[in-house]
Amino acid sequence: MRTVSLFISLALSVVTVKAGMPVEFVPDNEEVIVVWPDGAPNDNFAPVSVTDSVEWNAVDRPVIHMFRSSQPSGKVVLMCPGGGYRHLGVQNEGYSFVPWYNGQGIDVAVLQYRMPYGHPEVPLSDVWQSMRILRGLFPGALVGVQGFSAGGHLASMAATHYTDSVTRPDFQILFYPVVAVSGSTAHVGSSQRLLGENASDEMIRLYNNHLQVTPDTPQAFIVHSSDDSIVPVANSIDYYSALVANRVPASLHLYPSGDHGWGFATGFAFFPMWTAELAHWLSLLN
């Protein structure tokens, strides 16, 4: 297991409230950790109309919802729910995964990240700081990132835009991810909310994450439905192809049906398959 030295003083603000989140189910082993206890170094310039809300679609104070396993295996997953960079689907793409992961000895951190409002560096900085916090809380652990849909874009950003060994995830797990922000495979709403209306060609290329893959990009587990009507399956295929071209270990699982956004839905026809495949893949990480 790789040990990472953390050269930063982390002031962690931990509370036990549920932060007013309107969700159906919250596991009872929750801690809430404020990502920027002294204030974030950047601003998404969110409209006043949303900053007064405590809804998950109006985040102005990012927090980590931490769920520790009673039998930790030395692996941690930082989860980025999807929602088109407009809101966060915290239930089906966050909390619902916690008992399954904790049962395998994996600690789970569900990230309530800020929306970009045309400032892509803002949610990415929340992920970077969360990685720093988790490295401090779990020294020597393997810390990976998981994302869904637009959260998959954020997770693949984290995997391709990291700044150092601390912010670099050890692995990435992507569920029906947005990867492209331009062309026929892009999810237009996510792209516009991430980059704004008048993004430069340079900015567009930078956040087409399949174009940013290098041999040092962390290993990946990717799942997608071929009939996805919201985020074309080509996003996952192109990202996987880029990983393979750079000799990055990658596992791609495509299912013939399911459309988009199934998350941890047990009614999804291929639920037994992806859970078994992901559990096996996680067991091999070292």
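User: In this predicted model, which residue of β9 does I222 stand opposite?

Analyst: The model is a predicted one, and in it strand β8, residues 219–225, runs parallel to β9, the two being joined by 6 bridges. Within this pairing, the residue of β9 that stands opposite I222 is L252.

User: Which helix joins β8 and β9 in a right-handed β-α-β unit?

Analyst: The strands β8 and β9 run parallel, and a right-handed β-α-β unit is made by them together with a helix spanning residues 234–245. That helix is α7.

User: Which residues make up the covered face of β9, and which the uncovered one?

Analyst: In a regular strand, side chains alternate between the two faces of the sheet. Strand β9 comprises residues 250–255, and its covered face consists of S251, H253 and Y255. The uncovered face is made up of A250, L252 and L254.

User: Why is H253 classed as buried rather than exposed?

Analyst: H253 lies in strand β9, where it belongs to the covered face together with S251 and Y255. Setting aside residues up to four places away in sequence, H253 touches F221, I222, V223, H224 and E277. A residue counts as buried under 20% relative accessible area, and H253 is therefore classed as buried because its relative accessible area is 15%.

User: What is the length of the polar contact that joins the side chains of H253 and S251?

Analyst: Both H253 and S251 are on the covered face of β9. Their side chains are joined by a polar contact of 2.6 Å.

User: How many residues of strand β4 are buried?

Analyst: Strand β4 spans residues 75–80, and both of its faces are covered. On one side K75, V77 and M79 are buried, and on the other V76, L78 and C80 are buried as well. The number of buried residues in β4 is thus given as 6 of 6.

User: Which residues does L134 contact, leaving aside its neighbours within four places in sequence?

Analyst: The largest nonpolar core holds 43 residues, and L134 is listed with I64, Y113, V127, L154 and Y239 as touching the most other members. Leaving aside neighbours within four places in sequence, the residues in contact with L134 are M66, V76, L78, A109 and V143.

User: Which elements do the buried residues of α5 pack against?

Analyst: Helix α5 covers residues 188–195, and its buried residues are G189, S190, S191, L194 and L195. Just after the helix, G196 takes a positive phi of about 85°. The buried residues of α5 pack against α4 (150–160) and α6 (201–206).

User: What is the relative accessible area of D60?

Analyst: D60 lies in the loop between α1 (48–51) and β3 (63–67). D60 and F45 are 15 residues apart in sequence, with a C-alpha to C-alpha separation of 9.5 Å in space. D60 is partly exposed, with a relative accessible area of 48%.

How values were computed:
Residues are numbered from 1 along each chain as its sequence is written. This is a predicted model: local features need pLDDT of at least 70, side-chain atom pairs count only at pLDDT 80 or more; totals for chains, interfaces and linings use all residues. Side-chain values use heavy atoms; hydrogens and water are left out. Buried means under 20% relative accessible area, exposed over 50%, partly exposed in between (1.4 Å probe, protein chains only). Helices (H or I, at least four residues) and strands (E, at least two) are DSSP runs, numbered from the N terminus. Contact means heavy atoms within 4.5 Å. A polar contact is a pair of N or O atoms within 3.5 Å; within protein, one must be able to donate a hydrogen and the other to accept it, and residues adjacent in sequence count only if both atoms are side-chain atoms. A nonpolar core is a set of buried Ala, Val, Leu, Ile, Met, Phe, Trp, Tyr and Cys residues joined through side-chain atoms within 4.5 Å. Two strands pair if DSSP finds at least two bridges between them. A crossover is right-handed if, with the strands pointing away from the viewer, the path from the first strand over the helix to the second runs clockwise.
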